[in-house]
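Try each task before you read its solution.

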Amino acid sequence: MTLAQSISAERQQAILSVNSGSSTVKFALYPLHDQLVDAAVVSGLVEGLEPGGKPAICLIDQTGRQTFPLTTDVTGSDAFTAALTELRRLIASYGKDIDVTAIAHRVVHGGEQYAASVLIDSAAISYLQTLNPLAPLHQPHNLEGILAFQRAYPDIPQIACFDTGFHAELPVYEKTLALPQSLRDAGIRRYGFHGLSYRYVSQRLAEYSCRAKQRVVMAHLGNGASACAMLQGKSVATTMGFSALDGLMMGTRCGALDPGVLLYLMQAGWDAVRLEKTLYKESGLLGVSGLSADMRTLRQSDAPAAQAAIALFTYRVMRECAGLTACTGGLDVLAFTGGIGEHDTVLRRQVAEGLHYLGLKIDPEKNAIATGDQAMTIHAADSQVEIWVIPTDEGRIAAMDASAIIAPQRVCPA
């Protein structure tokens, strides 16, 4: 081994996992150890990237939270690039003995072409851009983030990891829409989302429960919300479909909607831009409450509309979870994850009580202390169904995929 190889071997290799949005970038740094991905040593958020915003980087580690404002007058893509250049400097100064060996990007939609994570090249970018209309709130920003990271980190491999991938093997009757063949041939079908989260939860569940390969329903409840049914550790049904609008009511998204409503609004003169804004950004908890898309804010309000929004959200979760059990032939495990699923004790209790006929019985004391800090059970001793709260870590799944893809590049020559 050469001196250079010896020095490199002493340095800690890590994967930077990112999730790029319209005005923010979430990130986490995952060290690699013997081909395994350890828990993140630092995470954070780049925020204020919208026009007129105040760009800043927030770093969070075991010592606490630090915010670093960016003193820049640039906006748009220039602000994005400036922020990522500063992020690279901060990460380098944070971990002087850490080498970022790859960047793993969460990408919402992989379409028909991509189920597994891939090394990003121009052909991949071109194809993924064609999927922008299928996830207009996420896909364009995911791809803009990739391009910005390529500019800021030109010497580091970039990996795309897809939320649709976990559902790639859905049964034909689950993914098929009752539309003419020409439309189905054009790729209009049910895809499913939140796949990185479901992969993580299913892996953790397999470590903790002997029922993980049986009849499982996972509920990812947050600003985006969905539920997924598993058999033998594989997705067999999910509430999101062709787009991330389908299924459960969400923070600002409507969830499942009679298409006749759209025809009615179009006949009333609504165009696609107005429909998209209403369905994606003005509906859900925000639309029903007229107050907020944040469940925590609604819980603190005594306004009747806020309580109505909570009740409707809870009902939809209960209804969709019950429906998924028809696809599995019953239920052995119910797992909650996502910001609401991990922290809202009242919702978990009400959903479990609503599904009592399936054999669920919650333990009030366990439920009260389950705050998403760690995986734990919240079912009573005599419950026929296990009930879990499992904090998700989509970034770690993405980092694991990136590590596997670049593994041959990390091996030093003999």
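**Exercise 1.** Find out which residues Thr164 is in contact with, leaving aside its neighbours within four places in sequence.

*Solution.* Start with the contacts: Thr164 touches Val108, His109, Gly110, Gly111, Tyr114, Tyr191, Gly192 and Phe193, once neighbours within four places in sequence are left aside. Contact here means heavy atoms within 4.5 Å. Before you go on, note that this is a predicted model, where local features need pLDDT of at least 70 and side-chain atom pairs count only at pLDDT 80 or more, while totals for chains, interfaces and linings use all residues. Residues are numbered from 1 along each chain as its sequence is written, and side-chain values use heavy atoms, with hydrogens and water left out.

Helices (H or I, at least four residues) and strands (E, at least two) are DSSP runs, numbered from the N terminus. Then check its cover: with a relative accessible area of 6%, Thr164 is buried. The scale is simple: buried is under 20% relative accessible area, exposed is over 50%, and partly exposed is in between (1.4 Å probe, protein chains only). Last, look along the chain: Arg190 is 26 residues apart from Thr164, and their C-alpha atoms are separated by 9.9 Å.

**Exercise 2.** In what order do the strands of the open sheet of 6 strands come? Then see what packs on them.

*Solution.* Read across the sheet and you get 12-11-10-13-15-14, with mixed pairing. Strand 12 (234-238) and strand 14 (376-377) are at the edges with a single partner strand each, so one side of each has no neighbour in the sheet. Helix 12 (residues 304-328) packs on this sheet, touching strand 10, strand 11, strand 12 and strand 13 (333-337), and its direction makes about 20° with that of strand 11 (axes are lines fitted to C-alpha atoms, for helices over the stretch in contact, and angles run from 0 to 180 degrees between N-to-C directions).

Now zoom in on one pair: strand 10 (residues 216-221) and strand 11 (residues 225-231) run antiparallel, joined by 6 bridges. In this pair, Val216 is opposite Met230. Finally, helix 14 (residues 345-354) lies across strand 10, strand 13 and strand 15 (386-389), at about 155° to strand 13.

**Exercise 3.** Compare His194 and Gln232: is each one buried or exposed?

*Solution.* First, the backbone: His194 has a positive phi of about 60° although it is not a glycine, and phi of Gln232, also a residue other than glycine, is near 55°. Second, the place: His194 is in the loop between helix 6 (181-185) and helix 7 (195-208), while Gln232 is in the loop between strand 11 and strand 12. Third, the cover: His194 is buried at 7% relative accessibility, whereas Gln232 is exposed at 58%.

Methods
Pairing = 2+ DSSP bridges.
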